[in-house]
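Hi,

Here is the structure I said I'd pass on.

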Amino acid sequence: NTLTSTNTDQALTAAQGKKLNDEKLAITSAFGVGQINQNVTSSRVANTTYTNSTGKDIFIMVTSGAGNNITVAGYVNDAVVVSSQTSSAYGGITSITFHVPNGSTYKVTGSFSQWVEYR
């Protein structure tokens, strides 16, 4: 093959297009892009395992039910990553927040009044 300005320009255009597409993919798949807080309280059950299949990492924010000595805990891939216990000194409620990598399983144990996912 003979190197000409035409085939060199075509090769450069293709390489630049691939780089631009790769950059667009990196931007659209970045954490926070297209994600919002969603109240999923009505569709979540304590001690039930869910899978993060969103394609991105997510954050879980749970507020406990009211009462004294209620413990809520967050699990990722069956390992406790956060827990908190209510106390009458703090109005009888507590909250937890934890990160769930894409593809991981997660659950919350204990009584909760609100469950929000940043997804």
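In this predicted model, Val72 sits opposite Ser84 of strand E5. That pair belongs to the E4/E5 pairing, where strand E4 (residues 71–76) runs antiparallel to E5 and six bridges hold the two together. The hairpin they make has two residues between its strands, and Asn77 there takes a positive phi near 50°.

Zooming out, E4 and E5 are part of an open sheet of four strands, ordered E2-E7-E4-E5, with antiparallel pairing. Strand E2 (50–51) and strand E5 (79–85) are the edges: each has a single partner strand, so one side of each is left without a neighbour in the sheet.

As background, most residues other than glycine have a negative phi. Asn47 goes against that with a positive phi of about 60°; Asn47 lies in the loop between E1 and E2. With a relative accessibility of 52%, Asn47 counts as exposed, because the cut-off for that is over 50%. Asn69 also has a positive phi, near 65°, and belongs to the loop between E3 and E4.

The largest nonpolar core has 14 residues, and the ones with the most contacts inside it are Ile60, Val62, Phe98, Val100, Tyr106 and Trp115. Which strands supply this core with at least two residues each? They are strand E3 (58–64), E4, strand E6 (95–100), strand E7 (105–109) and strand E8 (112–118). In general, nonpolar side chains tend to be buried together in soluble globular proteins.

Ignoring neighbours within four places in sequence, Val100 is in contact with Asn52, Asp57, Ile58, Ile60, Val76, Thr105 and Tyr106. Two of those partners, Ile60 and Tyr106, are also on the list of core residues with the most contacts.

Next, Thr109 in strand E7. Is Thr109 buried or exposed? Its relative accessibility is 17%, and it counts as buried because the limit is under 20%. Leaving out residues up to four places away in sequence, Thr109 touches Asn47, Thr71, Val72, Ala73 and Tyr75.

Ser111 is in the loop between E7 and E8 and is partly exposed, with a relative accessible area of 39%. Ser111 and Thr71 are 40 residues apart in sequence, yet their C-alpha atoms are 7.5 Å apart in space. Beyond its neighbours within four places, Ser111 is in contact with Ser64, Gly65, Ile70, Thr71 and Val72.

Last one: Ala30, in the loop between helix H1 (5–28) and strand E1 (37–39). Ala30 is partly exposed, with 29% relative accessible area. Not counting residues up to four places away in sequence, Ala30 touches Gln35 and Lys56.

Cheers

Methods
Residues numbered from 1 in each chain as written. Predicted model: local features only at pLDDT ≥ 70, side-chain atom pairs only at ≥ 80, totals over all residues. Heavy atoms only, no water. Pairing = 2+ DSSP bridges. Core = buried A, V, L, I, M, F, W, Y, C linked by side-chain atoms within 4.5 Å. Buried < 20%, exposed > 50% of the residue type's maximum accessible area, 1.4 Å probe, protein only. Contact = heavy atoms within 4.5 Å.
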